[in-house]
Amino acid sequence: MRQSLRNTRALLLIGLPAIVLACGGSDEPSDTPIAGTYAATFFQTTGSSGQRNEIAAGSTLTITLAANGTTTGHLHVAASGSNPVFDADMAGTWTATENHIVTFTQAADTFVRNMDFTWSTDIQGISILTGDKAFSGTLIRITLSRVST
């Protein structure tokens, strides 16, 4: 009886942590339908000088969310008034919550790392990431559509 209790105890001490580690957390991207390459299909800014279609103005955002939680890509914001052209590398990491909120951690200081994106699918079943947030009086609304897995 005592030997059996020791064996059970040893199994719990070794097995339980292994099971917990194997399960991972809810923020782990691993096997997720969210992973893939996304490009901006809607990108609008609204500020004191009015509304601007950033894609029509020449702005682009392409970002790849790898299954291992890393990101690559590029943000290009076209010049506007006294604001010069802005380019940024989208290298970094991403996480997603159980509620499909996607966040980015990147060295580049852009709205991308400061905005929560919501993952969903559009009426055609295409994965999209949508974000909507105001920064210093300018509202940025963006939709990224998956262009490849």
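Residues are numbered from 1 along each chain as its sequence is written, and side-chain values use heavy atoms, with hydrogens and water left out. Because the model is predicted, local features need pLDDT of at least 70 and side-chain atom pairs count only at pLDDT 80 or more, whereas totals for chains, interfaces and linings use all residues.

A search of the whole structure finds two aromatic pairs (rings of Phe, Tyr and Trp, the last by its six-membered ring, with centres within 6.5 Å; planes under 30 degrees apart are stacked, over 60 edge-to-face and the rest tilted). The ring centres of phenylalanine 43 and phenylalanine 111 lie 5.7 Å apart with planes at 45°, so this pair is tilted. Phenylalanine 43 belongs to strand E1 and phenylalanine 111 to helix H3 (residues 111-114), so the pair ties together parts 68 residues apart in sequence; helices (H or I, at least four residues) and strands (E, at least two) are DSSP runs, numbered from the N terminus. Phenylalanine 43 is buried, with a relative accessible area of 3% (buried means under 20%, exposed over 50%, partly exposed in between, with a 1.4 Å probe and protein chains only), and phenylalanine 111 is buried at 10%. The rings of phenylalanine 104 and phenylalanine 117 have centres 5.5 Å apart and planes at 80°, so they are edge-to-face.

The largest pocket holds about 610 Å³ of space (on a 1 Å grid over the protein atoms alone, a pocket is an open set of points where a 1.4 Å probe fits, with protein on both sides within 12 Å along at least five of seven lines, and lining residues have an atom within 4 Å of a point; points are joined across faces, edges and corners, and the volume is the space filled by probe spheres set on them). Strand E1 gives the most to its lining, with four residues.
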